[in-house]
Amino acid sequence: MINRKRNILFIIFALFLFAFATRKEVTRLESFVLVTKLKEFTAGTPIKLEFQPKSNNEKPQLFIIHSYGKTLLEASIEKGNYVFSLPENYCEKTGRVSWFLILKNESIVSGSFQIHPNRNTKTVLENYLGPRKIMAGGKEFSMMVVVPTDGFDNPKESNTTVKLQYQFLQKVSSLDLRTNNFIAWYNIYSPDKAGKILVSTECENTVSKEIETEVYPNIATDFSINYSRNHEFADGNQLTRFSTSIIRDQFGNVVSDGTLVYFIIRTKENMLLKTFGATINGIASAQILHPDHQDSYQVNAYVMGIAESNSITINYKPVTASFDYTLTHNNRTLRVGPIKSFMNQLVPDGINVVVNVFQENKIVATLEKETSKGMAFFEISDDIVAAGNFQLEIKTLGISKKTPILRNDHQQ
């Protein structure tokens, strides 16, 4: 029973305080009257809020919450009323503005108003197009984003009409877009052919500059290869040239210049060689040195991970069936050559000659030199051959010869 009485007394006390506070607020509200009745303003025009004092002669302040920030304004007095003028940059920015009339550090009156874009200024278009490079085939697209603004860089209201035009080859497309959340946008999908798409926009008699996006060929499809050479002999000197057919994508577009094509060569001994070339006008070419011995090359070309060619076989004939050698200075100096080629001419300089030195059926040394004027010279020093018998095996141009058993008399 006692608790119930206490609760009743508490409720009566709370109602008393609420009534006192309400009367106090009413008194404050009645002390200033908002003279300015406008709730909407146009960006770029001066904005003033005017208050008429009723019963209080103390000077108030106006607290503003704006998208640019918060600020406290001091009033000027005009014909006995308090007038607050918004800063110029605040007047130029659209959006909702909240205000609070402050007296003795307390808010006594509050409200808000709206600033709208200025239709009397020239419309400005901000265009964004990207990506600026897409592949043909209709799966990729460039997005055109348009932001129409007034002269103070305020986005236009939603549902503003923006005209979009884009051109590819002989076709020009046009459509009307509507702004939503300040922007209008459209996805321009790539056509099947490579080329340039030109895009422009228009809004309220303002026309944008021309923007372009490049449509590149799609990925390469399988292709064929061929070869050419001066002769078919394995002279280790001439070049065999490889070339591809015109490489295209699935839509018939010639692939982009600079597409790398790798030529993989497998020799008769299953060694792998590689050369590569970049496409120009869809054709890639590369070259490789002839082998220095009879061989057969199997060649395939690849745009790695994307496309491949047919397989071709290239046979190389030996340039000679044999060669001469002589031993002098007590079998210490070996002259290989002169080595002659398929027209009885001296082989080109730089032909590799390898000499293996055997003692007791084991290779004790391997000497290697390149020909000059068809010949190569070797010195068999005491550091190479120990006392006793030895034998030389001479290899060049795929041909191998062994000397008779020789005697190292110098160390005996």
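Is Lys-156 buried or exposed, and what is its relative accessible area? In this predicted model, Lys-156 is buried, because its relative accessible area of 2% falls under the 20% limit. Lys-156 forms a salt bridge with Glu-204, and the closest N and O atoms are 3.1 Å apart. Lys-156 sits in the loop between β12 and β13 (161-168), while Glu-204 sits in the loop between β16 (195-203) and β17 (206-207), so this pair ties together parts that are 48 residues apart in sequence.

Side chains of opposite charge can pair when their charged atoms come close. The count of salt bridges in this structure comes to six. One of them brings together the side chains of Lys-104 and Glu-58, at 3.2 Å from N to O. Here Lys-104 lies in the loop between β8 (95-103) and β9 (106-116) and Glu-58 in the loop between β3 (48-53) and β4 (61-66), so the bridge ties together parts that are 46 residues apart in sequence. Lys-104 is exposed, with a relative accessible area of 61%, whereas Glu-58 counts as partly exposed at 32%.

Another salt bridge joins the side chains of Glu-232 and Lys-317, with 3.0 Å from N to O. This pair links distant parts of the chain, 85 residues apart: Glu-232 is in the loop between β19 (225-229) and β20 (233-234), and Lys-317 is in strand β27 (residues 312-318). Glu-232 counts as partly exposed at 30% relative accessibility, and Lys-317 counts as partly exposed at 42%.

A search of the whole structure finds twelve aromatic pairs. In one of these, the ring centres of Phe-41 and Phe-113 are 5.1 Å apart and the planes meet at 75°, so the pair is edge-to-face. Phe-41 belongs to strand β2 (residues 40-42) and Phe-113 to strand β9, and the pair links parts of the chain 72 residues apart. Both Phe-41 and Phe-113 are buried.

The rings of Phe-51 and Trp-99 are also edge-to-face, because their planes lie at 70°, with centres 5.3 Å apart. Since Phe-51 lies in strand β3 and Trp-99 in strand β8, the pair ties together parts that are 48 residues apart in sequence. Phe-51 and Trp-99 are both buried, and together with Phe-84 they form one aromatic cluster.

Rings and charges meet as well. The charged end of Arg-229 sits over the ring of Tyr-316, 5.0 Å from the ring centre. Likewise, the charged end of Lys-401 sits over the ring of Phe-323, 5.0 Å from its centre.

The surface, finally, carries a nonpolar patch of about 570 Å², made by Phe-141, Met-143, Phe-182, Ile-183, Trp-185 and Tyr-189. Strands β12 (141-149) and β15 (184-189) are the elements that give two or more residues to this patch. Among the contributors, Phe-141 is found in strand β12 and counts as partly exposed, at 30% relative accessibility.

How values were computed: Residues are numbered from 1 along each chain as its sequence is written. This is a predicted model: local features need pLDDT of at least 70, side-chain atom pairs count only at pLDDT 80 or more; totals for chains, interfaces and linings use all residues. Side-chain values use heavy atoms; hydrogens and water are left out. Patches are made of residues with over 30% relative accessible area and no salt bridge: like charges are joined within 9 Å, nonpolar side chains (Val, Leu, Ile, Met, Phe, Trp, Tyr) within 5 Å. Accessible areas come from the Shrake-Rupley method with a 1.4 Å probe; for residues, only the protein chains shown count as cover. A salt bridge is a side-chain nitrogen of Lys or Arg within 4 Å of a carboxyl oxygen of Asp or Glu. Helices (H or I, at least four residues) and strands (E, at least two) are DSSP runs, numbered from the N terminus. Buried means under 20% relative accessible area, exposed over 50%, partly exposed in between (1.4 Å probe, protein chains only). Rings of Phe, Tyr and Trp (its six-membered ring) pair if their centres lie within 6.5 Å; planes under 30 degrees apart count as stacked, over 60 as edge-to-face and the rest as tilted. A charge sits over a ring if NZ of Lys or CZ of Arg is within 6 Å of the ring centre and within 35 degrees of the ring normal.
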